[in-house]
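The following report describes selected features of a single protein chain. Please consult the sequence and structure shown here alongside the text.

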Amino acid sequence: MKIADARVIVTCPDRNFVTLKIVTSSGVYGVGDATLNGRELAVAAYLQEHVVPALIGRDASRIEDTWQYLYRGAYWRRGPVTMSAIAAVDTALWDIKGKVAGLPVYQLLGGRSREGVTVYGHANADTVEDVLTEVATYVDLGYQAVRVQTGVPGLASTYGVSKDRLFYEPADSALPTENTWSTAHYLDHVPEVFARVRDEFGPTLKLLHDVHHRLTPIEAARLGKSVEPYNLTWIEDPVPAELQEGFRLIRQHTTTPIAVGEVFNTIWDCQQLITEQLIDYIRATVVHAGGISHLRRIFDLANLYHVRSGSHGATDLSPVCMAAALHLDLAIPNFGLQEYMRHTEATDAVFPHGYHFADGYLHPSEAPGLGVDIDEELAARYPYRPAALPVNRLQDGTMHSW
Ligand code: KDG
Ligand code: MG
């Protein structure tokens with residue numbers, strides 16, 4: 001069964017998505033997500049110009065060999081653009097393999113290790129009062145885990161806090177918008193938020209918080225200590241993670257668990273974090289970390305060191321990525337949590353899928369393959385719109401981590 005055609009589909013049903021559709025000589029096809037928020041066309045061009053020509057005529061059943069061919073064959077290894085492109089190919093080939101076998105992909109990965117995939121939603125609001133209402137919405141929907149973000153008094157706007165509910169879009173303008181940041185205001189405010197949420201919702205609801213890489217290790221250590229009484233499931237991205245050993249300092253000071261990895265693209269980005277047990281959850285995901293094959297490798301390494309998965313699942317990862325993530329989440333032994341920001345109706349219509357939410361869990365489709373598709377005709381009605389992620393400046397005008 002040879003690869004006969006590979007199409008790169010760029011569409012914007014409320015936000016941009018890049019999808020690779022691989023069609024085989026027997027007519028079976030598979031889909032893979034290649035969306036890189038704010039840099040979508042770079043991946044689309046990488047696929048179109050460099051990957052698609054190399055795929056035509058290859059044996060579609062050779063997933064691992066194709067992965068190695070694309071990774072080694074580029075000479076220029078790693079990086080989000082390369083790894084998202086490879087991820088799309090890998091995901092599409094797993095979809096094809098499942099369809100050919102007549103099995104959902106999780107069966108090919110060893111079968112189910114659990115009944116459902118526990119997900120967390122995003123409660124965000126400008127004020128503490130309003131965020132309590134948002135958390136209640138998720139609790140009413142059956143969620144067992146909620147990420148809580150609020151505006152920070154004294155700052156005009158805060159990344160990750162939007163007017164949209166159940167989904168939000170941080171890439172809000174063709175060129176990056178600029179927010180203002182103050183670590184002092186932030187560190188003063190966050191403990192009060194979690195004191196109120198715990199007080200209102202009791203001890204069992206899993207609570208999470210995303211720091212979006214804005215602190216230094218010692219500041220993150222202080223944050224972790226200050227929220228210890230509220231028993232968070234994790235603080236996420238406390239510091240930028242290029243300096244993996246920086247997490248050691250956080251670790252030495254707090255028992256609040258740490259999650260990191262949504263911007264990682266290979267196992268090398270988290271090797272030290274995992275092997276030195278500097279983190280508790282690894283948040284790499286299918287689309288940005290080389291597909292199902294490579295992410296499986298990361299999770300297997302993590303399993304040796306008591307690190308659980310906590311995959312990124314924001315709205316800029318398409319339903320194709322979500323479907324693939326759910327198959328992997330269901331099969332691995334060290335699953336922790338899966339992020340689930342719901343997509344808009346327009347996105348769901350372009351990507352018909354069989355996964356569904358019930359009682360705090362997502363369940364992958366039982367259809368052969370990934371159980372997700374792309375409606376190419378509908379996709380063509382939503383042309384690409386440039387959209388970039390924002391940046392932050394300190395109050396004195398210094399450019400800061402986003
Ligand atoms: O594209 C960036 C978003 O996916 C990211 O900001 C969302 O931090 C995020 C999260 O944890 O979902
Ligand atoms: Mg995050």
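β6 and strand β15 (residues 391–394) pair in the parallel sense over four bridges; strands are DSSP runs of E of at least two residues and helices runs of H or I of at least four, numbered from the N terminus, and two strands pair if DSSP finds at least two bridges between them. Within this pairing, Asn 179 stands opposite Asn 392 in β15. The sheet is open and mixed, with three strands in the order β6-β15-β16.

The model is predicted: local features need pLDDT of at least 70, side-chain atom pairs count only at pLDDT 80 or more, and totals for chains, interfaces and linings use all residues. Residues are numbered from 1 along each chain as its sequence is written, chains are lettered from A and ligands numbered from 1 in the order in which they are written, and side-chain values use heavy atoms, with hydrogens and water left out.

In helix α10 (residues 291–304), 14 residues at 1.5 Å a residue should span 20 Å, and the end C-alpha atoms are 21 Å apart, which agrees; the expected span is 1.5 Å times one less than the number of residues. Among the buried residues of α10 are Ile 292, Leu 295, Ile 298 and Phe 299, where buried means under 20% relative accessible area (1.4 Å probe, protein chains only). After α10 comes His 306, whose phi is positive, near 60°.

The count of salt bridges comes to 21, each being a side-chain nitrogen of Lys or Arg within 4 Å of a carboxyl oxygen of Asp or Glu.

| Pair | Closest N to O |
|---|---|
| Glu 40 and Arg 15 | 3.8 Å |
| Arg 283 and Glu 339 | 3.1 Å |

Glu 40 and Arg 15 are both buried. Glu 262 lies in the loop between β9 (258–260) and α9 (271–275) and Arg 283 in the loop between β10 (281–282) and α10, so this pair ties together parts that are 21 residues apart in sequence. Glu 262 counts as buried at 10% relative accessibility, and Arg 283 is buried with a relative accessible area of 0%. Because Glu 339 lies in strand β12 (residues 338–339), its pairing with Arg 283 ties together parts that are 56 residues apart in sequence. Asp 5, Arg 7, Lys 21 and Glu 376 are linked in a network of salt bridges.

Methods:
Buried means under 20% relative accessible area, exposed over 50%, partly exposed in between (1.4 Å probe, protein chains only).
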